[in-house]
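Subject: Structure handover

Hello,

Here is the structure I promised to pass on. Please open it alongside this email.

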Amino acid sequence: MIGTILLWWAIITLIGLAALPATMVIFRRLPDQGYTLARPFGLLLAAYVLWLGASLRIIPNNWAGIAAAFSIVLFISFLALRQMGGVRAFLLRLCEQKKIITTIEALFFLAFLTWSLVRASTVYFRINPAGGEKFMEMAFLTGILNSPSFPPADPWLSGYGISYYYFGYVMMSLLTRLSGLAPEVAFDLYDATLFALTFIGAFGVVYNLIASRQNSPPRFAKAALGGLLGGLFTTVSGNLLGLIEALQARGWLPAAFVRWLAVPDLDSAQATGSFFPAGDLWWWRSSRILNDLDLFGQPIGANPITEFPFFSFLLGDNHPHVLALPFVLMAIALAFNLHLVALRGEQLSFGELLLTAISLGSLVFLNTWDYPIYLLLALLAWLAGAIARRGQAQKQDLIKTIRLALIFIAVTILAYGLFFISFSSQAGGILPYIFPPTRLPQYLIIFGPFIFILGAFLLLSLRAKSATISLRGLLGAWLRLSTLLTLGYLLLLAFTGLILAIDKARGGSLFLQAEGWLGGLPWWQVLLSITASRLASPWLFLLLTALLTLAATGMWTAITRQAPPEDQPPQPPEPGLTFTRLLVVFGLVLTFVVEFLYLRDNFGVRMNTVFKFYFQGWVCLALASAFALSWLSEHASEFASRFLRIAFYFTTALLVLCSLVYPLLAIHSRTGGFSLPPVLDGSALLRNTFPDDFAAIDWLRENTSPNAVILEAPGQSYNFEGRISAFTGRPTLLGWSYHEAQWRGSYDEQARREDDIARIFRDFGSDEADALLQRWSVQYIIIGSSEMSYLQNLCAQAESACNAERSLAQLSQRYPLVFSTDGIQIYTIPDATP
């Protein structure tokens, strides 16, 4: 197992080395020269060239295509070496960065090794439908590995390409092919890779923010310590529910307090007499902390997802929001790089501009939700730098920002246009969130440590930079912001009411859905109910508007500083401080906007919107908190008494320790205290539990064409059906139908296939079944335990005569048996045409 880990580590390290010269040119303005980003940047470039070439049918998606992709990466690095002045200049710059290089290499290896061992020791990590969406993710990985060109074939909807943001799976498949490992082994190792890349990416962002100060630059140790806090807060820390779970298990929490928190299902958690919560899935509650109610005070049925990075790594799903994490951090670094470009009055070369746009644009293909967030962050970072350079806002800065935005969007559309062509979405517009707001205690369970640190930071940093801002001025700004948000929300409600009225007149479905939410209440009563619920729980609104006022005021004051007298040199701005305030604004806005609106999808509630926005809000607030602690350690003594400083540091240390209770207890629970022998194979549990199924999977992998169409029992979501197609990549007629509906925004194709599959199974020997098998180009029929259950359920529900044993007997008489064990059989259709 250690050999496998070292092989994978060597491959990802070589990818980083191949792209290092290009990375150091693009990020040369950062103190670390972009070294922390070399691995993800190299992986992105190689995967992009492979994807584009295979999409245009210029290069194949195989070893030859990968070789061609890395040839392009090496050529880009060769051009970067020439721009740097040759190999000697490149090596000299590396020598100047030996401290950060040594630190990053040690951190990456330790993080990668540690999480590989955690994955290998956790039986519940194994790919199974009850453990999240790992079947789906395995299907994408094997489907991409089997596809000679892109878009890749969808293993769960034969004849169709994957309609999803699958770029992260292209990266995973690239590393899988390079390593020569089985997909299920690569699946585990890629999760460990993401964990390590996220940790050093967060380290790099905070390190650069701290070390970018020009006047009295900080020591390396101080910047590195801040970077470690960034990695800890972003990647390792958990929310405070872990501590609450431990105290509840110990029996120390009053029942009234637990009911007041109103965290879903927390009141049913059993006391164990120890600090270890009962059950194997207690850690799941940390991802469902909010308890959304309707206007009548009843649960809406789908609580928002409140995942955070460590939970996602612990769950082990290689889902797009996790696959994108290292590249989100790279986007943040790019935004800071743009801030420094504008602050120094420099210009990006054509190559820098192109690679920056492609790197930012990759988020639209990795996790589409993230792209507008970090595009806006990059643009505002550039604008803030341009304003700070002159100390005042000018029209030309806004014009240049708009021009830069158009360039980035245009390059993204051109660079990833082939993805947009094959992509469809379930998104159905924006709707106002009309139900009671998030309760402050639940919000603080999630973000409490960050809010405490950043509250102190915003107050003291504002006082440090401007003594001219009065309390009255701040209160006025707070009132204006609150009024603006309230009026905007009322306008959104009015506009939505108009849309619903039009929809009702046209007989649309949106009005019927809204009427179900509102219980038939007239609009005036709905508005009164919304107003009453907001007034009854205003505390989150008041807190976040106050913090936003402090952050925005502090940032604006810093970048529009007063010009010094002529006989004094201008004070250089602190780019790290300005950018951190911008991160605070983004983090707060991301967690605040879901109180007013959400993106409509198949779920019909704000569940996914909270998930996507809170997840990115965590990243922004975690990075900002790490910088804030570093800044406060240096400046707090100027504005706070010794007693207040001690109280602040003590409380901060206590909160940080409390946030580490969750990862410690959750790892112990997931690994069973590391009592199991480590096995770095995502299929180990299923391979042992269902050996016949995996024997069939191995046979299909070795003896059939990658595009051979199979027929297995269809599933809906989070069930065992779809397991053969997921692990082989051989397309089946229908896998998880509900997931396919989410990806494609419609259930029409799935419904058509469900009917045909049922007709085939009910009477395998009929001419109709034979015609349908030919129509769908089925080459292999799978009959295992899932198929037997599916057929028996069909016959139990059938109105006409249906006999499962007769149908299976006809199947064995009509088609040759090519593989058989006690638990599964595979039949072939000789005349089938793929």
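Below are the findings, taken region by region.

**Ground rules**

This is a predicted model, in which local features need pLDDT of at least 70 and side-chain atom pairs count only at pLDDT 80 or more, while totals for chains, interfaces and linings use all residues. Residues are numbered from 1 along each chain as its sequence is written, and side-chain values use heavy atoms, with hydrogens and water left out.

**The sheet**

Start with the strands. Helices (H or I, at least four residues) and strands (E, at least two) are DSSP runs, numbered from the N terminus. Two strands pair if DSSP finds at least two bridges between them.

Four strands make an open sheet, ordered β3-β4-β6-β5, with mixed pairing. The edges belong to β3 (710-711) and β5 (817-820); each has a single partner strand, so one side of each lacks a neighbour in the sheet. Helix α29 (residues 691-703) packs on the sheet. Helix α29 touches β4, β5 and β6 (825-828), and its direction makes about 135° with that of β5. Contact here means heavy atoms within 4.5 Å. Axes are lines fitted to C-alpha atoms, for helices over the stretch in contact, and angles run from 0 to 180 degrees between N-to-C directions.

Now the pairings:

- β3 and β4 (residues 780-783) run parallel and are joined by two bridges. Ile710 stands opposite Tyr780 in β4.
- β4 and β6 run antiparallel, with four bridges between them. Ile783 has Gln825 in β6 as its bridge partner.
- β5 and β6 are antiparallel too, over three bridges. Phe819 has Ile826 in β6 as its bridge partner. Four residues separate β5 and β6, which form a hairpin.

β4 is covered on both faces. Tyr780 and Ile782 lie on one side, Ile781 and Ile783 on the other, and all are buried. Buried means under 20% relative accessible area, exposed over 50%, and partly exposed in between (1.4 Å probe, protein chains only).

**The cores**

A nonpolar core is a set of buried Ala, Val, Leu, Ile, Met, Phe, Trp, Tyr and Cys residues joined through side-chain atoms within 4.5 Å. The largest one holds 249 residues. Which of them touch the most other members? They are Trp51, Phe167, Ile332, Tyr374 and Phe579. Not counting residues up to four places away in sequence, Trp51 touches Phe150, Tyr166, Phe167, Val170, Phe365, Ala415, Tyr416, Leu418 and Phe419. Another core lies apart from the largest one. That core has 29 residues, among them Ile757, Phe764, Leu791 and Leu811.

Take α15 (residues 350-366). Its 17 residues reach 24 Å from first C-alpha to last, close to the 24 Å expected at 1.5 Å a residue. The expected span is 1.5 Å times one less than the number of residues. In α15, 14 of the 17 residues are buried, so the helix is largely enclosed by the rest of the structure.

Next, Arg39 in helix α2 (residues 38-55). Is Arg39 buried or exposed? Arg39 counts as buried, at 5% relative accessibility. Its side chain makes polar contacts with the side chains of Thr13 (3.1 Å) and Glu105 (2.8 Å). A polar contact is a pair of N or O atoms within 3.5 Å; within protein, one must be able to donate a hydrogen and the other to accept it, and residues adjacent in sequence count only if both atoms are side-chain atoms. Leaving aside neighbours within four places in sequence, Arg39 also has contacts that include Trp9, Phe108, Leu197 and Ile200.

Most residues other than glycine have a negative phi, and most peptide bonds are trans. These spots depart from that pattern:

- The peptide bond from Phe150 to Pro151 is cis, with omega near 5°. Pro151 lies in the loop between α6 (134-146) and α7 (167-179).
- Phe674 has a positive phi, near 55°. Phe674 sits in the loop between α27 (661-671) and α28 (684-689) and is partly exposed, at 45% relative accessible area.
- Tyr718 has a positive phi of about 60°. Tyr718 is in the loop between β3 and α30 (723-728) and is partly exposed, at 46%.

Pro148 is also in the loop between α6 and α7. Pro148 is exposed, with a relative accessible area of 57%. Not counting residues up to four places away in sequence, Pro148 touches Ala54, Pro60 and Asn61.

Best wishes
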